[in-house]
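Good morning, and thank you for coming.

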Amino acid sequence: NVATNSFHIRGKAIDFSIEGLSSNQVFELARSCSSGGVGGYSSFVHMDTGQGEVGLYKCNKIRLEMPRS
């Protein structure tokens, strides 16, 4: 169930996880690159643009080294 005024519906929010990383690790990465809102949950992270029109552009500057399996 999503609220009618949700940032998700307006294309300004995403809930996601990254395979191989804990939610806490993803949360810390998201927090370091977001100019909007970031929320950490047990199985995913929420990011949104906040009240302004600033996008999630700063995330492009993060380079994540994933362990090889």
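I shall take the sheet, then the helix, and then one histidine.

This is a predicted model, in which local features need pLDDT of at least 70 and side-chain atom pairs count only at pLDDT 80 or more, while totals for chains, interfaces and linings use all residues. Residues are numbered from 1 along each chain as its sequence is written, and side-chain values use heavy atoms, with hydrogens and water left out.

Let me begin with the sheet. Three strands form an open sheet in the order S1-S3-S2, with antiparallel pairing. S1 and S2 are the edge strands, each pairing on one side only. From one strand to the next, the twist averages 10 degrees. Strands here are DSSP runs of E with at least two residues, helices are runs of H or I with at least four, and both are numbered from the N terminus. Two strands pair if DSSP finds at least two bridges between them.

S2 and S3 form a hairpin, with four residues between them. Four bridges join these antiparallel strands. Val38 stands opposite Met47 in S3, and Gly39 has His46 in S3 as its bridge partner.

I turn now to the helix. H1, residues 23-33, lies across S1, S2 and S3 and runs at about 15 degrees to S3. Such angles run from 0 to 180 degrees between N-to-C directions, with axes fitted as lines to C-alpha atoms, for helices over the stretch in contact.

Which residues of H1 are buried? They are Ser23, Val26, Phe27, Ala30 and Cys33. They lie on the same side of H1, because they cover an arc of only 140 degrees around the axis; the arc is that of the directions from the helix axis to the C-beta atoms. Buried means under 20% relative accessible area, exposed over 50%, and partly exposed in between, using a 1.4 Å probe and protein chains only. The buried residues of H1 pack against S1 (13-16), S2 (37-40) and S3. The face turned away from the buried side carries the exposed residues Asn24 and Ser32.

Finally, I come to His46, which is found in strand S3, residues 45-48. His46 is buried, with a relative accessible area of 16%. Its side chain makes polar contacts with the side chains of Asp15 (2.8 Å) and His8 (3.4 Å). A polar contact is a pair of N or O atoms within 3.5 Å; within protein, one must be able to donate a hydrogen and the other to accept it, and residues adjacent in sequence count only if both atoms are side-chain atoms. Not counting residues up to four places away in sequence, His46 touches residues including Ala13, Ile14, Gly37 and Tyr41, where contact means heavy atoms within 4.5 Å.
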